[in-house]
Amino acid sequence: MAGFIAYRLLYVLPISIGVSLICFALTYMAPGDPASSIIPDDASPEVAAQIRAAYGFDRPLPIQYLLWLWRVLSGDFGVSLSTGRPVTDEVIPAMMNTLSLAGGGALLAAFVGITLGTLAAYRNGRLSDRAISAVGIAGMSVPQYWLAMVMVAIFAVELGVLPASGMGQPGDDFGRTLSFYVLPILTLATVPAGIIARSVRSTVSETLQQEFVQALEAKGLPAWRIFLHVAKNAAGPALAVIGLQFANLLGGSILVETVFSWPGTGFLLNAAIFMRDLPVMQATVLLLAMFFIVANLLVDILQMLFDPRVKSARRG
Amino acid sequence: MTILSPQSDYDTAPDRGGPRQPMLIVQGLRKHFGIGGGFNGKAAVVRAVDGVSFDVPKNKTLGIVGESGCGKSTTAKLLMQLIRADEGEIILDGDPVAMSRGVSLRDYRRSVQMVFQDSYASLNPRLSLQDTVAFGPRATGIPQAAAMRRAHDMLRRVGLAPEVFASRLPHELSGGQRQRVNIARALAMNPRVLILDEAVSALDKSVEAQVLNLLQDLKQELGLTYLFISHDLNVVRYISDRVMVMYLGKVVEIGDVKDVFDHALHPYTRGLLSSRPSMNPRQRRTEPPLSGDPPSPIDPPSGCRFRTRCSFAETVCAEREPPLASLGLDQQVACHAVTPGSGHTQASAGEGASQ
Amino acid sequence: MSVSNAIDQPAVRPAAARNIARTFWQTLGRRLRRDPVSILCFGFLVAIVLMALFAPWIAPADPYQVNMLQRLQPPGTEGFILGTDELGRDLLSRLMYGARMSLFMGLAPVFIATIIGGTLGVVAGYAGGWVNTAIMRVMDVFYAFPSVLLAVAISGSLGGGVRNGLIALSLVFTPSIARVAESVTVQVRTQDYVEAARATGAPAWRILMTHVLRNVAGTIFVFSTSLVSVSIIIASGLSFLGLGVSLPEAEWGMMLSSMRQSVYLAPLNSVLPGVMIFVTSVSLNLLSDGIRSAMNVKG
């Protein structure tokens, strides 16, 4: 077991290197000279050459990559081209905003998904099961940016009960601040809730069909105690799905944040793309991907703690 | 059954070495599988096949027996070159295989074919029987029409009328019929050696007998040489000319089928034979049948690998590995207790036992 | 994003379930015909496809005809069955034309990714050893990005446009298809019939074509179909961010984006393109579910 965790931890290393390579390559995939975005338009050729040398653009690519990686590892992502502030000052607060949104969304999705999924599994094949399954499919098929617009149309425009965008003012009272979270979190939670509900439904109903459940029933155990046994067996797979969904919320938040003008990483990334602010773009993508990697790692380890058999089913 | 001139579309390798040249000579075949490894797991080695040597005379059947895990099937796959041996040499009718100036791997593969145990898993579920049988000839460059003709010939030869069966799919057949298809597929390559790895073990007894008889007929008609791997000693006795007993990746006894079955010399062979139930109370043997499971091939016992389960084990058995020594006319045994001069207290008595 | 269902796909068993063989497609069709939900979804999808194909002949108006006097007319207005958009263009016609680009962006990247990812996965699975390690570890790296993030990052740096969107989305789906293809191939490759084929000395490509491909294609196909709805959603998401098709081309995601501000004035009009995306995606998911359960059932 310790071996598996150690292996899984070490495996993060090559993957992270690969991810950093892709992030580095993003700059070079962009059309045109990557240095041109840093060099002012009115710079003389001599100044331009100086800037190139200063940023290492005159070195061979592998060296440039290593230099960039070294700076990143020491926490220096460069300077934002549009605001002139250090990239870290832009990305870190945005990351916090994204995490609070994704965390809230994941909690809500897990709660709704587990409840609906378990209910559906216990009502196997009946109308309520089919209804819940349909809701699950609908939930996972919905385009989130559209759902966000629908939410705004209903709750902010028609009913006028919730704010449509932003995070409010620093001086707002707690209730007012919270109200800004409601629509984005509801929107974010929909798709993962549908996916979690479907997955929990299939895991729980598989578990319910196992012989040990029949044995427990034969023993005359009350239903709620049987449920505890079932829950213990279904926990591992459910946990895996929830963890993956949390990780995906980080990516999915790009569009939702844009609709709600939520000052998170997605909003920042979107702005950076249109300003061609490559340092900010690189940093945002890299940080989000690293979060994703760590989240996947934690899911794997947690899942293995719940069910040691997982280890043998996985490669490596 | 008339021979349907199977050579018409084919170049058969001629019998180069003459009748006295063994069809197959295997020397020092060795395959160790690495398992585990990784960051904390110590890399362990399974000695699946650990220095196996034997030869098979032309047009004879060599039976290979032993408990599961003794290396029978690995030996088969090594002989098929489906997995690469770590060491060892294979000589086909006098020509070394996959060496310069020897038989090429491609030619060798065509000359040696195999029938697998699981008749279902060994047939592609999406291919009709004729396509399955014709695949091999097609792959060797025979035109489509000729390959089909050959497939039909082979199906007919194994007792499946092509008019009825040629375009059927594997799931439409019974187990015995599927195994016939497997035999036809192997024969379509016009092989000289057929390896049968538990080929009849999964069949019902009555079907098993039919397939065994078919194999006997084919062997005579086509001049085939068989390697017959099985855990069923009665079947091995029925079909084999020679028999080889394996234990933990090593050959412990090899010899003429009558000699080995009637005068087994190795304690393991005797144990195996006496573990068969016998109907006749007078034929029941007095030796204790084998008890316990074989030790792990990852960390086999020192010296003689059988000593941990052997009632004749002495210190010499732990110190030295018994070589495969010739005893009797055509029988070789790897046991200190029956090898004269081995230092085992029963060694002298063992000399008499072989006569 | 329902991108995530690209990730939590259960390991799919090779479609070589014992009881289905040549009549595979017939069996599948027969079973699907017994499932009313699948029929309904299939019918709806056919309608969308027909609508997209014949848009120039059946659209009631020119989708690019701007009419500033008739902006954001509600659905049911004389002459505009579904109303107009923020520039007074006929919404129904735009939705019909939009289906073309949206369906294309749903199907094309999945098709490309199936060819590339399927090939990589089958080769990796069949070859094993270092070839497998090299291919699958590279796939793992791309897999380490959330799908939407990868799509946005790539098309963001390549720049907008259909071609770059296509490249980005194909890259997003390739690793997951490669993973599925690899795992089925590994299972098929250890089957005795592949060993038997190897024993004939047949070249690897021949064994791959005859024995491996036929037995893994079904599984890869089913998995790929489940990605089409994801592709439609991410593609419209890219257009929504301004990274997909360029104005004034009609595309559902793009239409949603351009009417984003109109949500305060004409909520119904502005969400209509999303309804199209949603219904198409639900139908695809339900149909893909139907196909999957039809294939897993024995009999």
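This is a predicted model: local features need pLDDT of at least 70, side-chain atom pairs count only at pLDDT 80 or more; totals for chains, interfaces and linings use all residues.
In chain B, eight strands form an open sheet with mixed pairing, and their order is E6-E7-E8-E3-E9-E10-E12-E11. Strands E6 and E11 (325-327) of chain B stand at the edges with a single partner strand each, so one side of each is left without a neighbour in the sheet. From one strand to the next, the twist averages 20°.

| Strand pair (chain B) | Bridges | Direction |
|---|---|---|
| E6 (residues 112-115) and E7 (residues 193-197) | four bridges | parallel |
| E7 and E8 (residues 225-229) | five bridges | parallel |
| E9 (residues 242-247) and E10 (residues 250-256) | six bridges | antiparallel |

Individual residues show how these strands line up: Val115(B) stands opposite Leu196(B) of E7(B), and Ile195(B) stands opposite Leu227(B) of E8(B). In the antiparallel pair of E9(B) and E10(B), Val243(B) has Gly255(B), in E10(B), as its bridge partner.

Strand E7(B) is mostly covered, with five of its five residues buried.

**Two helices of chain A**

In chain A, the axes of helix H9 (residues 223-260) and helix H11 (residues 278-306) come within 9 Å and cross at roughly 175°. An angle over 145 degrees counts as roughly antiparallel, and H9(A) and H11(A) are therefore roughly antiparallel to each other. On the side of H9(A), the residues that make the contact include Ala235(A), Gly236(A), Leu239(A), Ala240(A) and Gly243(A), and on the side of H11(A) they include Leu288(A), Phe291(A), Phe292(A), Ala295(A) and Asn296(A). Further along the two helices, Phe246(A) and Leu250(A) of H9(A) are also among the contact residues, as are Leu302(A), Gln303(A) and Phe306(A) of H11(A). Sorted by class, the contact of H9(A) with H11(A) has 15 nonpolar and five polar residues, and no charged residues.

Notes:
Residues are numbered from 1 along each chain as its sequence is written. Chains are lettered from A and ligands numbered from 1 in the order in which they are written. A residue is buried if 20 or more other C-beta atoms lie within 10 Å of its own, exposed if 12 or fewer, and partly exposed in between; C-beta atoms are placed from the backbone. Two strands pair if DSSP finds at least two bridges between them. Axes are lines fitted to C-alpha atoms, for helices over the stretch in contact, and angles run from 0 to 180 degrees between N-to-C directions. Angles under 35 degrees count as roughly parallel, over 145 as roughly antiparallel, 65 to 115 as roughly perpendicular and the rest as oblique. Two residues are in contact if their C-beta atoms, placed from the backbone, lie within 7 Å. Ala, Val, Leu, Ile, Met, Phe, Trp, Tyr, Cys and Pro count as nonpolar, Asp, Glu, Lys and Arg as charged, and the others, Gly among them, as polar.
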